[in-house]
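These are my notebook entries on a protein chain that I looked up. The sequence and the structure come before the entries.

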Amino acid sequence: IIFIICLMFAICAQTIPHADFMMVMKSAQELKNGNYTRFYEDGYIGTFPNQIGIVIFLYFFSMIFGEMNFFAFQLLNAISITIIYKELSDISKIFGMGKLSQLLVLIFGIIFLPYLIFVTFIYGTVLGLALALISIKYEMLFVKEYKLKDAVVSCFCIVISTILKDNYLIMMIAVLIYAFVALIRSHQLKRLMVFFYIVSIIVLFVLKGITLNAFITVKTDYVMGKGASSWSWIAMGLQDNTSKANGWYNGYNVNTYKSNNYNTKKQEIEAKAYIRERINFFWQNKKEVLRFFGQKFASQWNDPNFECFNILYQQGTHIVPPKFIQYMKSVGGSDKLSKLYDRIHFIVIFGCFAYIILDNSKKNRDCLLLQMIVVGGFLFHMIWEAKTLYVLPYFIIMVPLSIRGYSSMLCHMNCIRMRREKKEYCKKFIEFLSVYIILVISINIIDADFLNDMIKIDRDTKIYDEYIVFNTTDRIKNGNYNIYRFDDEDLSIQLLEVSNENSANIGLVKSKFIKDGGGIQINIIEDKVHFMFEGTNLCLDLNGNNEIENGSVQAWTQNDSEAQKWVIKRVKNYKDTFYILIGNNSALTYNESDDKICIKEFTYADNQKWVIK
């Protein structure tokens, strides 16, 4: 079912990648066709040599499926997402979880739309996670049964995952730590096998870097530099960001690389100096630590859709997608789905909370591996460049732990009910409920800076609410209507004259003077309303798209511009009555002082209400 959903989504969306995703595809295409400019020090790959792995993969991928074959890669993503949930289900079995728990992992995969949407993601993230989870499963099997086959599969999969995406180095480190623990606990021949397993991963990882660079050197006849320093990502991750959240991409790594004349060492010195400056600032301003990292943490981990709708919206397409895709891309659709997945997001986190307190096997070596990965990802992205989609793999890995938490909760409740070891289970369950209740009450009643800066962050709530209002239309059937003044339904919006076929003035005209065909055709496209005057090719239009107080409104030739995209919102307790909105904070308004229709700041005033029927 997971595979079919992913496949159908890829077919129906037919997205065209953008930004970095398109850049890696073009880099692979140009590498194949002998154009190596992107690999020079000022080129995309020259700046970001960490992308070499995915570029070389796409280079060989295109030999089989052709260049810029987005759908072929999306098909590979569909297979990878299926494998991800299958491996998580298998790992749950290794944990000792029953068939119902394993099934719940797969059911989560079916209903968790945000990750299914990533089938359109032309990048190494999805395929890399599938390989990393295969490696984790076979490592667990290896340290239990010590079969050489399991070690070989685990070894190669974890190294290949780091080829596709450097971030999976975090998982590779966790795999090595897990193996090292097994090494300490093993004896004689088994210890030797684990030792060679650890050495093999390290050797393959080193050879990976040498081989990829050697391939590019032979292919381009050019020795690439080190590109932008890794320290510049850390420096960027410690910066306040006014356009996005703290620590998000702002071009610092690229700009400082250019300003230092593409000299990695000089950029590294500048980045380290900035990092020291930020550390000193945080040391002297302790409250800023909570504010900065609280907001950075929330921006990454508290987004229930993990940027999936944003990525879907930004990607282009060469088709008119079906309505359910358009709904996901619309502001209203993505907002409603985000609220749904906010509940699912909470359910997963709450299950992990129950797992931490109630599960007796949380110190089990197998469970510790997934915990190490999640903690490692959390710590890494608190100092590295922030992005919600970067932490999504760790959220997916939390699912089996969450299900185990609910299983432990039910087990405790059942034992209390059956009076088995009642005292021990009651004590643990009361501890769990007490901690949770204390946290909830504390968060709600304490008005402290550290809570406001880390948890109760609502500074942009009003802005977001306004954004939703001005970008979501209350539904009305497409068709012909008249738009009347709210306090005088004898007056309706009409063209005053049509001497010029391309434009006309509009105003309020008494109904008895309206000629046949004087209505307005309403057509809703992607949550925006187009008002076309019947019998003409003219639409209700904001003159010059100037969203200013008393902004001029007119009828203008249909051109599908932002000036002709309106939003209607129903007025409560009034039948067929609406506000007609445009831009960020403006409403269609009847200005009584000069008897004209214009736009003004939306204030819910009576002269901004219109009867549409």
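Entry 1, basis. I worked from a predicted model, in which local features need pLDDT of at least 70, side-chain atom pairs count only at pLDDT 80 or more, and totals for chains, interfaces and linings use all residues. Residues are numbered from 1 along each chain as its sequence is written, and side-chain values use heavy atoms, with hydrogens and water left out.

I found a nonpolar surface patch formed by Leu-189, Leu-192, Phe-195, Phe-196, Val-199, Ile-202, Val-203, Val-206, Leu-207 and Ile-210, with about 910 Å² of accessible area together. Such areas come from the Shrake-Rupley method with a 1.4 Å probe, and for residues only the protein chains shown count as cover. A patch takes residues with over 30% relative accessible area and no salt bridge, joining nonpolar side chains (Val, Leu, Ile, Met, Phe, Trp, Tyr) within 5 Å and like charges within 9 Å. A salt bridge is a side-chain nitrogen of Lys or Arg within 4 Å of a carboxyl oxygen of Asp or Glu. I located Ile-202 in helix α11 (helices are DSSP runs of H or I with at least four residues, strands are runs of E with at least two, numbered from the N terminus). Ile-202 is partly exposed, at 44% relative accessibility (buried is under 20%, exposed over 50%, partly exposed in between, with a 1.4 Å probe and protein chains only).

Asp-221 sits in the loop between α11 (188-220) and α12 (230-237), and is exposed at 73% relative accessible area.
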